[in-house]
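User: I should like to go through the terms used for this model and set each value against its cut-off. Please begin with the naming of the elements.

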Amino acid sequence: MPILLVKAKPNSRVSALTLLDDGTWLAQLKSPPVDGKANAELIGLVARQFGCAKSSVEIKTGTGSKLKRVIVPD
């Protein structure tokens, strides 16, 4: 299972997931970082990007920080 390094940017104008030059992903999230709303939106974005179920995407580390490690199924 691949692990993605994601930089989360909550309270953005758009909701998007883009690959950066250094191999990390930038997640622009409309949701605020309150009550796990931004993390839930991030899981939805990753699932849509990689064509898998939301239930199979997991935030391994960094649920409370902007830098997260996200596990995606093969």
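Analyst: Helices and strands are DSSP runs, a helix having at least four residues and a strand at least two, and they are numbered from the N terminus. In these terms Asp35 lies in the loop between β3 and α1. The model is a predicted one.

User: What makes Asp35 exposed or buried?

Analyst: The relative accessible area of Asp35 is 75%. Exposed means over 50%, and therefore Asp35 is exposed. Asp35 also has a positive phi, of about 55°, although it is not a glycine. Most residues other than glycine have a negative phi.

User: Why is Ser12 called buried?

Analyst: Ser12 has a relative accessible area of 15%. Buried means under 20%, so Ser12 is buried. Ser12 is found in the loop between β1 (3-9) and β2 (16-19). Leaving aside neighbours within four places in sequence, Ser12 is in contact with Gln28, Leu29 and Lys30. A polar atom of the Ser12 side chain lies 2.9 Å from the backbone oxygen of Lys9.

User: What does Lys30 touch beyond residues up to four places away in sequence?

Analyst: Lys30 touches Asn11, Ser12, Arg13, Val14, Ser15 and Glu41. Lys30 itself is placed in the loop between β3 and α1.

User: Why is the contact of Asp22 and Lys7 called a salt bridge?

Analyst: The N to O separation of the two side chains is 3.8 Å. The cut-off is 4 Å between a side-chain nitrogen of Lys or Arg and a carboxyl oxygen of Asp or Glu, so the pair qualifies. The structure holds one salt bridge. This pair links distant parts of the chain, with Asp22 in the loop between β2 and β3 and Lys7 in strand β1, 15 residues apart. Asp22 is exposed at 54% relative accessible area, while Lys7 is partly exposed at 33%.

User: What makes the pair of Trp25 and Phe50 edge-to-face, stacked or tilted?

Analyst: The ring centres are 5.6 Å apart, and the planes stand at 70°. Centres within 6.5 Å make a pair, and planes over 60 degrees apart count as edge-to-face, so the pair of Trp25 and Phe50 is edge-to-face. Trp25 lies in strand β3 (residues 25-28) and Phe50 in helix α1 (residues 37-50), so the pair ties together parts that are 25 residues apart in sequence. Trp25 counts as buried at 12% relative accessibility, whereas Phe50 counts as partly exposed at 36%.

User: How do you know whether the span of α1 agrees with its number of residues?

Analyst: At 1.5 Å a residue, the 14 residues of α1 should span 20 Å, and the end C-alpha atoms are 20 Å apart, which agrees. Buried residues of α1 include Ala38, Leu42, Leu45 and Val46. The buried residues of α1 pack against β1, β2, β3, β4 (58-61) and β5 (67-71). Just after α1, Gly51 takes a positive phi of about 65°.

How values were computed:
Residues are numbered from 1 along each chain as its sequence is written. This is a predicted model: local features need pLDDT of at least 70, side-chain atom pairs count only at pLDDT 80 or more; totals for chains, interfaces and linings use all residues. Side-chain values use heavy atoms; hydrogens and water are left out. Rings of Phe, Tyr and Trp (its six-membered ring) pair if their centres lie within 6.5 Å; planes under 30 degrees apart count as stacked, over 60 as edge-to-face and the rest as tilted. Buried means under 20% relative accessible area, exposed over 50%, partly exposed in between (1.4 Å probe, protein chains only). Contact means heavy atoms within 4.5 Å. A polar contact is a pair of N or O atoms within 3.5 Å; within protein, one must be able to donate a hydrogen and the other to accept it, and residues adjacent in sequence count only if both atoms are side-chain atoms. The expected span of a helix is 1.5 Å times one less than its number of residues.
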